[in-house]
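Please look over the structure below before reading the points that come after it.

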Amino acid sequence: MTWNEKRQHMVDSQLVKRGIKDNRVIQSMRKVPRHDFVPDPLRKCAYDDCPLSIGKGQTISQPYMVAFMTECLRLRGDERVLEIGTGSGYQTAILAELAEEVYTIERIPELSERAQGLLDEAGYGNIFFKVGDGTYGWPERGPFEGIIVTAGAPNISSVLGEQLNEEGRMVVPVGTRHSQSLYRITKRKGQLMEENLILCIFVPLIGEYAWEEN
Ligand code: SAM
């Protein structure tokens with residue numbers, strides 16, 4: 001199979017079949033070449049139904065998890081979105097297809113640089129990068145209609161909640177260092193409303209308002 005055939009098969013068998021419905025999310029995942037974001041020697045597994053190592057002890061999330069988290073943000077195209085955990089840059093590309101502007105923060109400089117190179121080469125002009133501790137958010141560029149945290153947090157952060165717009169959505173895995181529940185937080189009348197959605201396993205969110213490094 002070609003890369004494109006593998007990608008279409010991944011979308012049909014892993015996303016549509018499991019209930020992903022947002023057509024814009026489905027189309028973006030049909031389009032973005034996930035294999036470009038997976039480093040060798042795992043590139044051949046890019047469309048497998050699992051997370052994969054991207055080096056530095058970090059991972060690119062399972063395709064279904066990327067689709068599910070993105071669908072939870074309910075993007076329509078005119079939003080400013082904050083992503084915490086750039087990682088490979090794959091989720092960033094999906095967000096850049098679906099929102100007006102994406103602000104993405106990664107704490108490991110080598111990962112941020114690699115992702116930036118790939119996303120610049122792909123021609124995205126609506127992504128803004130930062131290296132540092134994303135648990136502070138990016139208040140100078142907020143508030144945001146969407147916030148996506150792609151690493152597991154110990155709690156729902158009020159620091160990030162403050163950077164959400166009214167009716168803004170935040171998706172974040174919350175739990176222990178080893179397993180979490182995925183939450184969607186919606187800001188209504190200034191209050192953060194919580195929905196506990198599914199169980200998940202992410203690498204830990206490391207930072208001032210999250211886990212310590214070791
Ligand atoms: N969304 C990514 C992708 O598509 O490849 C997957 C991200 S990976 C599961 C989680 C990332 O969060 C790692 O690259 C990790 O270095 C980063 N991270 C952890 N704590 C962070 C923090 N406080 N600020 C920014 N990035 C952080």
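Predicted model: local features only at pLDDT ≥ 70, side-chain atom pairs only at ≥ 80, totals over all residues.

1. Residues are numbered from 1 along each chain as its sequence is written, and side-chain values use heavy atoms, with hydrogens and water left out.

2. Strand β6 covers residues 144-149 and pairs in the parallel sense with strand β7, residues 164-175, over 4 bridges; strands here are DSSP runs of E with at least two residues, helices are runs of H or I with at least four, and both are numbered from the N terminus. Pairing requires that DSSP finds at least two bridges between two strands. Within this pair, Ile 148 has Val 171 of β7 as its bridge partner.

3. Is Ile 147, at its given relative accessibility, buried or exposed? Ile 147, which belongs to strand β6, counts as buried because its relative accessibility is 0%, where buried means under 20% relative accessible area, exposed over 50% and partly exposed in between, with a 1.4 Å probe and protein chains only. Beyond its neighbours within four places in sequence, Ile 147 is in contact with residues including Leu 73, Leu 82, Ile 84, Leu 160 and Val 171, contact meaning heavy atoms within 4.5 Å. The C-alpha atoms of Ile 147 and Ile 94, which are 53 residues apart along the chain, are separated by 14 Å.

4. Two cis peptide bonds deserve a look. One runs from Asp 40 to Pro 41, with omega near 5 degrees, and Pro 41 lies in the loop between α2 (23-31) and β1 (52-55). Another runs from Gly 142 to Pro 143, with omega near -5 degrees, and Pro 143 sits in the loop between β5 (127-131) and β6.

5. Most residues other than glycine have a negative phi, and most peptide bonds are trans. Lys 56, not a glycine, has a positive phi of about 60 degrees and is found in the loop between β1 and β2 (58-60). Arg 74, also not a glycine, has a positive phi of about 50 degrees; Arg 74 lies in the loop between α3 (63-72) and β3 (80-84), and counts as partly exposed because its relative accessibility is 38%.
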